[in-house]
Every structure is written in structure tokens, then in C-alpha cells.
Amino acid sequence: MNDNNEKRQHPRLPVEVEVELHRSDRSMCLVWTDDLSNGGVSLMMNGHGDWPPIGARVQIRVSCPLGGDDESPLVDAIVVRHTEAGIAVRFDETPTRE
């Protein structure tokens, strides 16, 4: 355990990338990442006032192609907390059922 009471299992890297935030009950919105780790990502909600609640299942996708013309995959995630600027999500390996 870290001396500063840090509970994260994975180191975070500051990364700003535009991503699509998909929710089953709302239209897709564009947001920006703040930081990224192997376990999740912090998303800046950019003035979007209707944040998904803690525990909500969401999907995220990098909005621009990462190489080539193929669309980036949707990644399943769960909202784990709200921050001052947005939300933090944990990547979820359990696929969503639609």
C-alpha cells in the first residue's frame, strides 16, 4: 500500500483523448479523458450536466481512428465515482447484454 493512502491498483497516466460516452438511456456524448490506467479512466464531462450515476454501466470508444480506417472498439465500463470535473470508470470485463 502506498504511503499516501492511495487505493488504486494501477498507476495512472495523464492522457487527453476525445472519447464517445455511450449510455443505454441517453444519446452518445463526446467527453475527454483526464487520466488512464489498466483498470479504468477518468472522464471530464465538458459541461454535460446529466452524469451517469455511480454503478451505471457505460461504454466508451476513442472517437478518432487509432490507425487505419477501422472504428475503435466499444469498451464496457462501470461508473465508480464522481469527480469535480466528471466521472471515473472501471473497465468491465463482463460484456453487457443488449
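Is Arg57 buried, partly exposed or exposed, and what is its relative accessible area? Arg57 is partly exposed, with a relative accessible area of 41%; buried denotes under 20% relative accessible area, exposed over 50%, and partly exposed in between (1.4 Å probe, protein chains only). The legends below concern a predicted model, in which local features need pLDDT of at least 70 and side-chain atom pairs count only at pLDDT 80 or more, while totals for chains, interfaces and linings use all residues. Residues are numbered from 1 along each chain as its sequence is written, and side-chain values use heavy atoms, with hydrogens and water left out.

**Figure 1. Overall fold of the protein.**
The protein has zero helices and seven strands, where helices (H or I, at least four residues) and strands (E, at least two) are DSSP runs numbered from the N terminus. Along the sequence the pattern reads β-β-β-β-β-β-β. Of the 98 residues, 31% are buried. Among contacts (heavy atoms within 4.5 Å) with a separation of 6 or more, 46% join residues 24 or more positions apart. The protein exposes about 6700 Å², of which carbon and sulfur atoms supply 49%; accessible areas come from the Shrake-Rupley method with a 1.4 Å probe, and for residues only the protein chains shown count as cover.

**Figure 2. The salt bridge between Arg57 and Asp92.**
Arg57 forms a salt bridge with Asp92, and the closest N and O atoms are 2.3 Å apart. The pair links distant parts of the chain, with Arg57 in strand S5 (residues 57–62) and Asp92 in the segment after S7, 35 residues apart. A salt bridge is here a side-chain nitrogen of Lys or Arg within 4 Å of a carboxyl oxygen of Asp or Glu. The two side chains also make a polar contact (2.3 Å). Such a contact is a pair of N or O atoms within 3.5 Å; within protein, one must be able to donate a hydrogen and the other to accept it, and residues adjacent in sequence count only if both atoms are side-chain atoms. Asp92 is buried, with a relative accessible area of 11%, whereas Arg57 is partly exposed at 41%. Strand S7 spans 86–91, and Asp92 lies in the segment after this strand. Leaving aside neighbours within four places in sequence, Asp92 is in contact with Arg57, Asp76, Ala77 and Ile78.

Ile78 is located in strand S6 and is buried, with a relative accessible area of 14%. Beyond neighbours within four places in sequence, the contacts of Ile78 are Gly55, Ala56, Arg57, Ala88, Val89, Arg90 and Asp92.

**Figure 3. The salt bridge between Arg61 and Glu71.**
The side chains of Arg61 and Glu71 meet in a salt bridge (3.1 Å, N to O). This pair links distant parts of the chain: Arg61 belongs to strand S5 and Glu71 to the loop between S5 and strand S6 (75–82), 10 residues apart. Arg61 is buried, with a relative accessible area of 12%, whereas Glu71 is exposed, with a value of 61%.

**Figure 4. A network of salt bridges including Asp25 and Arg26.**
Across the whole structure, a search finds seven salt bridges. Arg23, Asp25, Arg26 and Asp50 are linked in a network of such bridges. Within this group, the side chains of Asp25 and Arg26 meet at 3.1 Å, N to O. Asp25 is partly exposed at 48% relative accessibility, and Arg26 is partly exposed at 39%.

**Figure 5. The largest nonpolar core.**
A nonpolar core is a set of buried Ala, Val, Leu, Ile, Met, Phe, Trp, Tyr and Cys residues joined through side-chain atoms within 4.5 Å. The largest has 14 residues, of which Leu21, Val31, Leu43, Val58, Val79, Ile87 and Val89 touch the most other members. Strand S2 (18–23), strand S3 (26–36), S4, S5, S6 and S7 each supply at least two residues of this core.

Asn46 has a positive phi of about 50 degrees although it is not a glycine. Most residues other than glycine have a negative phi. Asn46 is placed in the loop between strand S4 (40–44) and S5, and is partly exposed at 41% relative accessibility.
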